[in-house]
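Work through the exercises below with the structure open. Try each task before reading its solution.

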Amino acid sequence: MDWQSKLFIDTYIQPRGARKKLEASEAIRQPVYIYGSCGFGKTELLKQYFKGREDYEMFSARAVKPRELMDKLFPAGEDKPENGKAAAGRILVIDDLYGIFGNLLRREWRELFERCRAEENLWLIVCSRSSKVPYYQKVYGRSGLTIISEDDLSLSYAQIEKLFRKNGVELPPEAMEEAYKRGSGNPLWTFLQLNNFKAEPDVKKAFRKSRLDGWRLLTENVYNTWPKDMLEPIIKLSILNEFDLAAAEEITGLPHIKRLLDKAEELGNFLIREGEAYHIREIMRQAMVAQQYRKRKRVKQIWQTDHTRRTTQEIRVETAMKESGINDKELEIIKLMALGKTNMEIGDGLGVREVTIKYHNMKIFKKLGVKSRIQVIREAQRRGLI
């Protein structure tokens, strides 16, 4: 069954704070910038806000070129309309403004925004996945913008709990906390969880199904929109909970990785930078790790024609293990480290005590010549162990 068929029609709760911001901005015709990751309901917010109205035009930046839009909105001969007649009462919404790269295309969008700014009676609303769209923000500046952020679009713990109860789903406090943590306040993720909880009484199975549904959603709406030269390096980096530029260069082998990371920040609100450190949103990181696993599994299925034939990946790992002196148990621990598991979680998974895992870690550090878990992951990646 397709994940979309699991959703009922009303899968969006309109945040009051976001609506109030729109109302206040419309009163003074102040431009609006709305941003949030996939599933936070940016487009749905506007559809509900403008429901029943005919005084607005909405365009997707993924489907229209800025030059075409300029000609449509401001025909030749109306460059300086008297008293702003051409733009009187006009509301313009530009959706999906993300992943716009190339100096020429950016310059064309900036020219369009500058033209819109010249029209005093035009109310401009722009939606994107990222908090950063410099060629738009440079025209208006944050002081001249109403920002509706992902936080404004998020559901609170109380809202989610109320939604679940209204739909007949009563969860223990621990499970409710876990649902809120996994959903991150995302309305679409929350509804995916709700439908799975309604269909599956086993909480663990419902969480597992929700995770799989979420991964499919990300594949269809995020991965498929990324350029390949960006997708593959970012997926490689997903083995780390957090990384800096030095780690990113070492793992990807790309000296220009900063340029790709800068592009990734604009492409969607999934890569977060705090000072010198980067981290990928946990739900996205887990989906990337799963995608790597599925890719390796497919390769193995394609090349392995009988029980004795080994894949090139298996041969590479086996060779790396011999050269590094790493045994099967230690390799398993390294893989679990790369998934962000703590020593206690690794011990629980392997059925041994935490102190035993610490002993194995000490041996792994010595064999790889490192002093920390993150260095283990980097070195294991470099040597071809993972």
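**Exercise 1. Find the residues that ring pairs link into a cluster with Y49.**

Solution. Ring pairs join Y49, F50, Y56 and W123 into a cluster. Rings of Phe, Tyr and Trp (its six-membered ring) pair if their centres lie within 6.5 Å; planes under 30 degrees apart count as stacked, over 60 as edge-to-face and the rest as tilted.

A note on the basis. This is a predicted model, where local features need pLDDT of at least 70 and side-chain atom pairs count only at pLDDT 80 or more, while totals for chains, interfaces and linings use all residues. Residues are numbered from 1 along each chain as its sequence is written, and side-chain values use heavy atoms, with hydrogens and water left out.

**Exercise 2. Classify the ring pairs Y49–W123 and Y157–Y180.**

Solution.
- Step 1. A search of the whole structure gives ten aromatic pairs.
- Step 2. For Y49 and W123, the ring centres are 6.4 Å apart and the planes meet at 65°, so this pair is edge-to-face.
- Step 3. Y49 belongs to helix α2 (residues 42-49) and W123 to strand β4 (residues 123-128), so the pair ties together parts 74 residues apart in sequence. Helices (H or I, at least four residues) and strands (E, at least two) are DSSP runs, numbered from the N terminus.
- Step 4. Check accessibility. Buried means under 20% relative accessible area, exposed over 50%, partly exposed in between (1.4 Å probe, protein chains only). Y49, at 6%, counts as buried. W123 is buried too, at 0%.
- Step 5. The rings of Y157 and Y180 have centres 5.5 Å apart and planes at 80°, so this pair is edge-to-face.
- Step 6. Y157 sits in helix α7 (residues 157-166) and Y180 in helix α8 (residues 173-183), so parts 23 residues apart in sequence are tied together.
- Step 7. Y157 is partly exposed at 25%. Y180 is partly exposed at 30%.

**Exercise 3. Which rings have the charged ends of R115 and R182 over them?**

Solution. The charged end of R115 lies over the ring of F74, 4.3 Å from its centre. For R182, the ring is that of F207, with the charged end 4.3 Å from its centre. The test: NZ of Lys or CZ of Arg within 6 Å of the ring centre and within 35 degrees of the ring normal.

**Exercise 4. Describe the largest nonpolar core.**

Solution.
- Step 1. A nonpolar core is a set of buried Ala, Val, Leu, Ile, Met, Phe, Trp, Tyr and Cys residues joined through side-chain atoms within 4.5 Å.
- Step 2. The largest core has 56 residues; W226, I234, F243, L261, F270, M284 and M288 touch the most other members.
- Step 3. Helix α16 (residues 328-338) supplies the largest share of this core, six residues.
- Step 4. Apart from this core lies another, of 27 residues, including M70, L92, F113 and L145.
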